[in-house]
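Here's a friendly walk through the model you are about to see.

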Amino acid sequence: MQKVGVFRPKIIGFLCNWCGYAAADLAGNLRKTYSSNLRIVRVMCSGRVDPIHILYAFQHGADGVLIVGCHLGDCHYINGNYKAKMKVNFLKKFLQEMGINPDRLHIDWASAGEGNRFANIVDDFIYKVIKLGPCEIKYVRL
Amino acid sequence: MNTKLTLAIFPLIGCSGCENALLDAWRVNDDLFNNFEIIYSPLLADFEEPDHVDVGIVTGNVRFHEDINKLLRWHKKSKVLVALGSCACYGGIPGLLNLQNIQSVINDIYSPKISLDNYDMPKLIENVKSIAEFVNIDIAIPGCPPPKNLIIKLFEHLLKGEPLILPDKSVCNECPLNTSEDKVIRNIKRFSLEPITPNKCFLEEGVLCLGPITRTGCDARCIKVNTPCRGCMGYLYNIDEAVVKFLSSVSSMIDEKSRNIDIDKIKDLTGLLYRFTLASSKLNFIKRG
Ligand code: SF4
Ligand code: SF4
Ligand code: SF4
Ligand code: FES
């Protein structure tokens with residue numbers, strides 16, 4: 001049961017098929033416990049995540065967006081994660097100017113063998129978002 | 001007998017640049033414009049507001065509560081309602097005020113000791129809006145100010161019913177600058193502060209030029225005088241979609257090995273991407289204050 005007054009953030013996670021998602025899978029196999037607030041969307045590559053997906057998530061009530069891809073240089077599509085990183089950089093600036101704390105958006109890397117690392121990334125990020133509190137956006141109008 | 005089409009220029013919150021552009025087109029096209037007669041324009045002369053008019057041209061955007069009533073009244077009076085200029089079509093540059101809350105805008109001008117409630121002043125609405133939010137527009141001519149050839153086309157359309165269709169192409173299509181096959185950004189530069197290679201696409205030089213997402217119709221007039229496009233004609237897609245598409249493609253163009261990429265050099269990203277369209281953005285997290 002969800003306790004009244006406890007903030008349980010909604011976090012959307014975009015995980016790349018080859019590393020981030022595999023790492024999440026491994027974390028499950030390792031029976032590693034990590035926060036359940038993450039709602040995972042599998043994408044083929046972190047480079048597939050378009051800024052519109054991230055903005056859409058925020059607009060529809062996400063408190064944070066996490067992208068996990070392969071380590072830089074290890075992307076299965078050569079350089080998708082570099083592009084993703086650049087998009088996140090631009091978007092962080094954009095979000096800040098528009099009034100959303102840029103820390104609500106995070107990109108990180110975990111290889112298919114790093115289940116523990118993945119769980120730590122998620123826990124750290126969710127801890128950060130809980131400290132930030134609910135997203136600055138009040139209502140949805142599309 | 002007076003067979004001229006009557007014309008009223010209804011001003012809202014704008015800079016009068018659109019009226020000037022209209023008069024400029026008028027000045028050189030006597031044959032065409034002799035068929036029209038301006039019967040109302042507070043900018044030109046102190047006419048009485050007419051009861052009916054053939055063509056009502058609205059310039060500027062909505063900022064005060066009374067603007068809404070004016071607009072509804074003008075809409076009823078006009079047979080054809082034209083939105084002239086980016087302010088009327090999208091909210092224009094004054095739309096950037098939506099990044100501030102009203103009180104901080106007022107405090108910028110008046111001493112905080114003065115309470116405006118004690119004066120009989122027009123009341124500001126919460127957000128600057130384009131006129132399309134309140135009335136149905138028959139014809140929209142964007143541009144800040146609208147290009148002369150579009151204004152002439154508008155009047156040819158009004159007079160002879162010639163089709164008036166804005167081109168479905170981007171400014172890049174009409175851009176005279178040299179582009180290379182693979183667009184790569186190796187450096188982010190601020191326009192006019194850093195040297196760039198002449199005759200080369202601004203975007204490839206690292207100056208963010210909104211040409212790729214902006215609808216043309218202006219013959220790339222800014223590029224022709226060596227200034228990057230700022231998107232005054234409005235975007236080819238839905239506004240927010242266009243903006244993120246632009247962000248997305250610029251990030252993909254950036255050379256990951258380059259060490260000169262410093263996006264903090266871009267001082268006002270929102271202002272750059274939404275310079276003329278912020279008031280029409282559907283994003284709900286525009287900062288207020
Ligand atoms: S569109 Fe441009 S020229 Fe026209 S009123 Fe607005 S700011 Fe002025
Ligand atoms: S981005 Fe700008 S400079 Fe480059 S081709 Fe397009 S309009 Fe021309
Ligand atoms: S080049 Fe861009 S900013 Fe200049 S008039 Fe055309 S659309 Fe407007
Ligand atoms: S495939 Fe994992 S980041 Fe591209």
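## Around the ligand

Sorted by class, the shell around ligand 1 has five nonpolar residues, five polar ones and no charged ones. Here Ala, Val, Leu, Ile, Met, Phe, Trp, Tyr, Cys and Pro count as nonpolar, Asp, Glu, Lys and Arg as charged, and the others, Gly among them, as polar. The shell includes Cys15(B), Cys18(B), Cys87(B), Cys144(B) and Pro145(B); a residue belongs if one of its heavy atoms lies within 4 Å of the ligand.

## A note on the model

This is a predicted model, where local features need pLDDT of at least 70 and side-chain atom pairs count only at pLDDT 80 or more, while totals for chains, interfaces and linings use all residues. Residues are numbered from 1 along each chain as its sequence is written, chains are lettered from A and ligands numbered from 1 in the order in which they are written, and side-chain values use heavy atoms, with hydrogens and water left out.

## Where the chains meet

On chain B, 29 residues are in contact with 25 residues of chain A, contact being heavy atoms within 4.5 Å. The two chains bury about 2,500 Å² between them, 68% of it on carbon and sulfur atoms. Buried area is the accessible area (1.4 Å probe) that two parts lose on being put together, summed over both.

What about salt bridges between chain B and chain A? The count is zero, a salt bridge being a side-chain nitrogen of Lys or Arg within 4 Å of a carboxyl oxygen of Asp or Glu. As for the side of chain B that touches chain A, its largest share, seven residues, comes from α9(B). Helices here are DSSP runs (H or I, at least four residues), numbered from the N terminus.

## Salt bridges inside chain B

Over all chains, the structure holds 17 salt bridges. One of them pairs Asp168(B) with Arg215(B), with the closest N and O atoms 3.6 Å apart. Asp168(B) is exposed at 64% relative accessible area, whereas Arg215(B) is buried at 16%. Buried means under 20%, exposed over 50%, and partly exposed in between (1.4 Å probe, protein chains only).

Another salt bridge joins Lys183(B) to Glu204(B), at 3.4 Å between the closest N and O atoms. Lys183(B) sits in the loop between α6 and α7 of chain B and Glu204(B) in helix α7, so the pair ties together parts 21 residues apart in sequence. Lys183(B) is partly exposed, at 30%, while Glu204(B) counts as buried, at 7%.

Terms used
Helices (H or I, at least four residues) and strands (E, at least two) are DSSP runs, numbered from the N terminus.
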